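Dear colleague,

I am passing a structure on to you with this message, and I would be glad if you opened it beside the notes that follow.

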Amino acid sequence: MLAHKIHLISKSNPLRYLMKNPVPSSRMTRWILALSEFDIQVVSPTAKKSQALAELLAVFPTTGMDVDQPDLPGELQEIALIEEPEWQLMFDGAASAGGGGIGIVLIGPESQVITKTCKLLYSCSNNEAEYEALITGLELAESKNVKRLLIKGDSRLAIQQLKGEFAVKEPALAKYRTKAQQILQNFQGYRLEHVVRSQNRYADVLATLASKMDVRKDQHAVITVEAKGIMEAGPSNMKEDDWIVSIKSKLMEGKMADYKTVHHFHIEEGTLYFKAPTGVLARCLSKEEASCKVKEVHEQVCGMNGAPLARRLLRAGYYW
C-alpha cells in the first residue's frame, strides 16, 4: 500500500482534524505517526441518484412481489428431510434346565404388532438369553426395513452395557455385545430404555413359554390363544322347591327381620348357594335333584370308610 495513493472517501476530513489539533492526545499522536507514511488523500463523496434509490429501497422494502431468483451454477437446492417413523422393540429372555427361550414384540408406528418366540436348544444363563432375544429382535427389525428403533427390555445389565455405562466382565457376554453393536450401526437412530418386568409382560410370557416347551430343531409349534369370557352356569332343568324360592325372595328384598334365616345363603348368577361354617359353598338342590345326587355319590363311595354321606355331599358342593 506504500507504493499507491489511497483515496479516503469520507464526509469529514479526519486527517485535517488530527493535523490542526493543537494538543493531540497520546493516542491521536500514535495515529498521526502511523498514518504519515501512507499517501492518503481525503475525497468527499459526490451525489449519486442510484445510491439514493438503493438507500430508499432498503428503508422501504416492497411487499407482495415475487422475485424470480435463478439457480446459480453449483448451488444446492434445499431438500426437505422426512424423518423415519420410530418402531418399538420389546425383548425378554428366560433360562431353564431344558434350554432357554426368547420373546420378541415389535410394534410399528401404526400399532401393528409382530411377535416372535424361539426355543434355545442349549444350556445358557439368563443374561445370555436376554442378549439372544435382543439380537434376534434387532435382526427382525432390520428385516422389516426399520430405520429408527426404541429398544425396551427389563434386563438392566444388557441395556446399560450397550449404553456403555456397565463394563462387560463375563467373556461369554462380550461376543453378544459386539454382535448387538454391529447390528445397531445399521439403523439411522435408536434409543435404549430399561423398563420394569410389569411393563414387559408380553415378551416375558413368550420367553417363558418357549423355555418350557419341548421343541426340536427345525420344528415349529403353533399356539392359538382365544379370548373367553366369564363362565356362566347353565339353567337347571329341575324345578326349584318352595323353600329355595322363599329364601331367594327374602335375600332380594333384604329385610333385616329375616337375617337369621338367610345370612348363610348367597345368590350368584341366579343360583342359590349355602355357605357352611367351614366356608364351603354348596349349591342348594330341590328334593328331586337331591335324590339323584344322593344315589350318584352313594354309588361312588359305597363300601368305603370315611366321612358320612351328608358330609360328602356337602364337600361335593350340594345342599338341600
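**Helix pair and loop residues**

The crossing of helix 4 and helix 6 is left-handed, a word used if the near helix is turned anticlockwise from the far one by less than a right angle. This is a predicted model, in which local features need pLDDT of at least 70 and side-chain atom pairs count only at pLDDT 80 or more, while totals for chains, interfaces and linings use all residues. Residues are numbered from 1 along each chain as its sequence is written, and side-chain values use heavy atoms, with hydrogens and water left out.

The axes of helix 4 (residues 126-143) and helix 6 (residues 171-184) come within 10 Å and cross at roughly 15°, which makes helix 4 roughly parallel to helix 6 (angles under 35 degrees count as such). The contact (heavy atoms within 4.5 Å) includes Tyr-131 and Leu-138 of helix 4 and Tyr-176 and Arg-177 of helix 6.

Turning to the loops, Ser-111 is found between strand 4 (101-107) and strand 5 (113-119), and has a positive phi of about 65° although it is not a glycine. Ser-111 counts as exposed because its relative accessibility is 59% (exposed means over 50% relative accessible area, with a 1.4 Å probe and protein chains only).

Asn-145, in the loop between helix 4 and strand 6 (148-153), is likewise not a glycine and has a positive phi, of about 60°. With 59% relative accessibility, Asn-145 counts as exposed.

Notes
Axes are lines fitted to C-alpha atoms, for helices over the stretch in contact, and angles run from 0 to 180 degrees between N-to-C directions. Helices (H or I, at least four residues) and strands (E, at least two) are DSSP runs, numbered from the N terminus. Angles under 35 degrees count as roughly parallel, over 145 as roughly antiparallel, 65 to 115 as roughly perpendicular and the rest as oblique. Buried means under 20% relative accessible area, exposed over 50%, partly exposed in between (1.4 Å probe, protein chains only).
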